[in-house]
Amino acid sequence: MKRKFTLLFVLLLVLIVVDLTQFSTNPQILSILIPNFRLPRLITILSAGIALSLSGFIIQNITENPLADSGTIGITSGASAGSVGFLLIADHFKLTGLWNFSYPIFALIGALLSFVLIYFFALRKQVSSVRVLLTGIAITAFFQALITIGQLSVNAFDFQKVAVWLSGDIWQTGSTYLFICVLLLVIGLIILPFFLRKLEILSLGEEMATTLGLEVQKTKIYLYLLALLFAAVGVLLVGGLAFVGLIAPHIAREIAGFKSRKSLIATALSGMIILSFADIISQTIIAPSSLPLGFVVAFIGAPYYIYLIQKV
């Protein structure tokens, strides 16, 4: 297992170096590009990889469903709807300056709204995890419809901007915006260790968890809120990116097994590796132009998703 973790770290370091240099060896060019452009982008990529993968890790453990993530229960679409809603409002009213830092607030509001709907229609009734997932699919469809209505009400330029957001791509790399997003991520990372033991107990099944004295329903709600925070951060950084939160936990389990702490670290590393590799491909495959990050992740993630379906 130590060898596998070492390989993960080495692979991540190699991808970071490649992403920063993009195979260039010119020190003068790199001294300009890395601190001003590529390093902020890399921080965005790594932060989003951690946020999305941990969100998927938590949700898969709560629902006991290996094909669940923040996208399947409506949290990603809610956060996307909130962010896109503010994007349209900001463009319509020509909001600039400090208004640009309202995206995190609107993304969190959208994610919270999706959680309220999940809670009202499923969680408060203590229904099965399958019922929660089905409710999440319906909520996702609802928010996607709202987003589509918003797209159709704007001009062609804004329509394209929203489409890129929803497909998944680097949104903003400004230092203040990035600081706010990373701060939210750090808050989530500080809270998460306090729930690892409870996650391990939940993995034994609800009946066993109740027998061991765990308040299952309350714990699940807290964990859903934590997953919501991670998912919202991911949306703020890379838009409506799919598959990372779904496949990173599976890669981690292949490496670290089902022990929460080791699997958690492996999940975060896997998420960062997936997005770093996808970013390298998106930046180099049609250079000097670039592909939206979400297209590359989908190209990588879709075959793996099919593989997972065959295993389940």
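I began with F179, which lies in helix α7 (residues 175-191). My helices are DSSP runs of H or I with at least four residues, numbered from the N terminus. This is a predicted model, where local features need pLDDT of at least 70, side-chain atom pairs count only at pLDDT 80 or more, and totals for chains, interfaces and linings use all residues. Residues are numbered from 1 along each chain as its sequence is written, and side-chain values use heavy atoms, with hydrogens and water left out.

Is F179 buried or exposed? I found 56% relative accessibility, so F179 counts as exposed. (Buried means under 20% relative accessible area, exposed over 50%, and partly exposed in between, with a 1.4 Å probe and protein chains only.)

**Spans from the record.** The unreviewed UniProt entry lists several transmembrane regions, among them residues 39-59 and 174-196. Such annotations may be inferred rather than shown by experiment. I checked both: residues 39-59 are 100% helix, with end C-alpha atoms 30 Å apart, while residues 174-196 are 78% helix, with ends 33 Å apart.

**Aromatic pairs.** How many aromatic pairs does a search of the whole structure find? I got five. (Rings of Phe, Tyr and Trp, its six-membered ring, pair with centres within 6.5 Å; planes under 30 degrees apart are stacked, over 60 edge-to-face, the rest tilted.) F142 and F143 have ring centres 5.4 Å apart and planes at 65°, so I logged the pair as edge-to-face. F143 is buried at 2%, whereas F142 is partly exposed at 44%. For Y304 and Y307, centres 5.6 Å apart and planes at 50° make the pair tilted. Both sit in helix α13 (residues 293-311), three residues apart, about one turn of the helix.

**Confidence.** The chain averages a pLDDT of 84, on the predictor's per-residue scale from 0 to 100. Helix α6 (residues 156-167) is lowest at a mean of 68, and α7 is highest at 91.

Note on methods
Helix = DSSP H or I, 4+ residues; strand = E, 2+ residues; numbered from the N terminus.
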